[in-house]
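Hello,

Here is the structure I said I would pass on. Please look it over first, then read my notes below.

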Amino acid sequence: MAEENDNSQEKTEEPTPRRLEKAKEDGQTARSKELATMAVLLAGAGGLLVFGASLGASLEAIMRDSFSLERSAIFDTRHMSVQLIVAAKEAAWALSPILVMLLIAAIVGSIGIGGLLFSGKAIAPKANRMDPIKGLGRMFSMRSLIELVKAIAKVGLVMAVAILILNLRTEDLLAIAEEPAVPAMRHVLWTLGWSFFALSCATIAIAAIDVPFQIYDHQKKLRMTKQEVKDEYKDTEGKPEVKGKIRQLQREMAQRRMMQDVPKADVVITNPTHYAVALKYDQASMGAPVVVAKGADEVAFKIMEIARESKVDVLRTPPLTRAVYHNTDIGDEIPDGLYMAIAQVLAYLFQLRQFRKGRGPKPGMPDFPIPPEMRRDI
């Protein structure tokens, strides 16, 4: 028994849609810092390669203007502040394309997995976050160990790529010393840009490993025990006994509404021991007779009782009653195959009423035609 209880507490079930939705409401979703880092680094490296030339030209112009002073500017105390503001504006304008790329990359990298999410619960203060014992537990947990291994692997990979780049570029870098100043600066910038881009590409491998791990780890955290799944089903769908009670009340209400329509019927046909069907036909508003009530066993007896109290004719037609009962629902018109039989019922009922008024002979009960596919033996 103890083993069963232990097993029932194991989180072996995949999270339900409701559990995933609640986790999002609480601000819990899969996130990868490595994906965001990769996106920012690649965007920065790509921005330098694409806009590096124009950025260098802008910075060169700013430096030239800043150090080219006229004699009158030397004695103007406001010149330096004005020059600083102008230089800052030009530098900001030159850097803006790269900064915009970095901003977009940071946003896309952050929501790359998990999507865009706003939750006040994620930033709300929680007492357990300030618990020093739990803090120590998190520091020495398996997750912290995994993060340490990841950090060491990242540093090792970046160092390996950096050493590889230096080995490949050694001769190129040494040749820069023999170049004139301006070409040498361009060469250095070009070399730094592509080297930085190559280093950034190393983070692709790190992100490719981290993203599936974060998705798996997030799913694992949200796994549920079998008991939690059962409890959630009860909370969302309702307890079986409550649902059963609701269905019973709905049936009772439907039966009450149905019984209220029995006095409005034109005739009730019965198989006296099992079924009763109340029919109504209004030639002005109906294309065919309509079933206003039907029932079996106790409900059938109740329909017949109300019909007799309301002076609605009750006809014993067992085969026809079974056919109508099994081939229609309440509110349905009579099916095509039973038109002739019900027409004979209404004609017989008219003749019977005329006989009761002394206006004709007593009619005989006709043999109602029922298609074979609509016949029911029970």
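Thr203 is buried, with a relative accessible area of 8%. Buried here means under 20% relative accessible area, exposed means over 50%, and partly exposed lies in between (1.4 Å probe, protein chains only). Thr203 belongs to helix H8, residues 181–221. Helices (H or I, at least four residues) and strands (E, at least two) are DSSP runs, numbered from the N terminus. A polar atom of the Thr203 side chain lies 2.4 Å from the backbone oxygen of Ser200. Apart from neighbours within four places in sequence, Thr203 is in contact with Met38 and Leu41. Contact means heavy atoms within 4.5 Å.

Some ground rules. This is a predicted model, in which local features need pLDDT of at least 70 and side-chain atom pairs count only at pLDDT 80 or more, while totals for chains, interfaces and linings use all residues. Residues are numbered from 1 along each chain as its sequence is written, and side-chain values use heavy atoms, with hydrogens and water left out.

Confidence and overall content

pLDDT is the predictor's confidence in each residue, from 0 to 100. The protein chain averages 81. At least 70 is reached by 86% of the residues. Strand S2 (residues 275–280) has the highest confidence, at 92. Helix H1 (residues 2–8) has the lowest, at a mean of 44. Over residues 1–8, pLDDT stays under 50. For that stretch the model has 3 contacts beyond four places in sequence.

The protein chain holds 13 helices and 4 strands. Of its 378 residues, 28% are buried. Take the contacts with a separation of 6 or more: 74% of them are between residues 24 or more positions apart.

Two links across the sequence

Glu232 sits in helix H9 (residues 226–237). Is Glu232 buried or exposed? Glu232 counts as buried, because its relative accessibility is 17%. Not counting residues up to four places away in sequence, Glu232 touches Thr16, Arg18, Arg19 and Met224. Thr16 is 216 residues from Glu232 along the chain, yet their C-alpha atoms are separated by 8.9 Å.

Leu95 is in helix H5 (residues 79–110). Leu95 is partly exposed, at a relative accessible area of 36%. Leu95 and Ser58 are 37 residues apart in sequence. In space, C-alpha to C-alpha, Leu95 and Ser58 are 9.3 Å apart.

Rings

The structure holds 2 aromatic pairs. One is Trp194 with Phe197: the ring centres are 5.8 Å apart and the planes are at 80 degrees, so the pair is edge-to-face. The cut-offs: rings of Phe, Tyr and Trp (its six-membered ring) pair if their centres lie within 6.5 Å, and planes under 30 degrees apart count as stacked, over 60 as edge-to-face and the rest as tilted. Both Trp194 and Phe197 lie in helix H8, 3 residues apart, about one turn of the helix. Trp194 is partly exposed at 39% relative accessibility. Phe197 is partly exposed too, at 27%.

There is also a charge over a ring. The charged end of Lys294 sits over the ring of Tyr325, 4.6 Å from its centre. That label requires NZ of Lys or CZ of Arg within 6 Å of the ring centre and within 35 degrees of the ring normal.

Helix H13

Helix H13 (residues 339–356) has 18 residues. From first C-alpha to last, H13 reaches 26 Å, close to the 26 Å expected at 1.5 Å a residue. The expected span is 1.5 Å times one less than the number of residues. Which residues of H13 are buried? They are Ala341, Ile342, Val345, Tyr348, Leu349, Leu352 and Gln354. Their cover includes strand S1 (267–271), S2, S4 and helix H12 (318–327). Just after H13, Gly358 takes a positive phi of about 75 degrees.

Asp297 has a positive phi, near 55 degrees, in a residue other than glycine. Asp297 is in the loop between strand S3 (290–296) and helix H11 (298–309). Asp297 is partly exposed, with a relative accessible area of 43%.

Lys311 is not a glycine either, and has a positive phi of about 60 degrees. Its place is the loop between H11 and strand S4 (313–316). Lys311 counts as exposed, at 77% relative accessibility.

Best wishes

Technical notes
Polar contact = N/O pair within 3.5 Å; in protein donor to acceptor, adjacent residues only side chain to side chain.
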